[in-house]
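Hello,

Here is the structure I promised to pass on to you. Please have a look at it first, and then read my notes below.

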Amino acid sequence: MRSELTMAERIQICRHHEGGRITKKALSLWSSEKMGKPISEMTISRILIRKIKLLGSDVGSNRKHYRKPECPNLESILYSWFLTMQEANVTISDAILITKAKMLSNSVPRESAKEFKFSNGWLQGFKSRHGISSKQVSVSLEFLHQ
């Protein structure tokens, strides 16, 4: 039976590999024992090819895939704004996040020429990539202009 590794498990394999010189076979055996599922040497090879990318990522630990955002500059600025609001103990709703993203999109250079849609799918991906919970609470629109 095939089971997929989470990002946290892949990162754990990469970190164990960094600990010293270890063969892929030994790493496969260690990983299989540690995670309780069979992990082939080929899987280990694929994970180690992406090692730098995996260790540099800040994706959620239960994710199995990582998809790059279409507008990384916009997401970076939006996430910084979100953190500022969070520090001020302001809870931001989904609607406010989308509205703020639309406002910021006018001032951020676009990575592609196609028109970007701030859909609920994009929002869920943004929140997942940044570990934002799905709580929805109403908040005053005055925070959009901060």
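How are H5 and H7 oriented to each other: roughly parallel or roughly perpendicular? Before the answer, a word on the source: this is a predicted model, in which local features need pLDDT of at least 70, side-chain atom pairs count only at pLDDT 80 or more, and totals for chains, interfaces and linings use all residues. Residues are numbered from 1 along each chain as its sequence is written, and side-chain values use heavy atoms, with hydrogens and water left out.

Now the answer. The axes of helix H5 (residues 72-87) and helix H7 (residues 120-130) come within 12 Å and cross at roughly 65°. H5 and H7 are therefore roughly perpendicular to each other (a term for angles of 65 to 115 degrees; under 35 would be roughly parallel, over 145 roughly antiparallel, and the rest oblique). Axes here are lines fitted to C-alpha atoms, for helices over the stretch in contact, with angles running from 0 to 180 degrees between N-to-C directions. On the H5 side the contact (heavy atoms within 4.5 Å) is made by Glu75, Leu78 and Tyr79, and on the H7 side by Trp122, Phe126, Arg129 and His130. By class, these are four nonpolar, one polar and two charged residues.

As for the whole protein chain, it has seven helices and zero strands (DSSP runs, of at least four residues for helices, H or I, and at least two for strands, E, numbered from the N terminus). Of its 146 residues, 36% count as buried (under 20% relative accessible area, with a 1.4 Å probe and protein chains only; exposed is over 50% and partly exposed in between). Among contacts with a separation of 6 or more, 65% come from residues 24 or more positions apart.

Ser31 counts as buried because its relative accessibility is 0%. Leaving aside residues up to four places away in sequence, Ser31 touches Ile13, Gly36, Lys37, Ile39 and Ile44.

Ser31 also takes part in the contact of H2 with H3. H2 and helix H3 (residues 41-49) pack at an angle of about 100°, with axes 9 Å apart, and are therefore roughly perpendicular to each other. H2 contributes Lys24, Lys25, Leu27, Ser28 and Ser31, while H3 contributes Glu41, Ile44, Ser45 and Leu48.

Best wishes

Definitions and conventions
Nonpolar A, V, L, I, M, F, W, Y, C, P; charged D, E, K, R; others polar.
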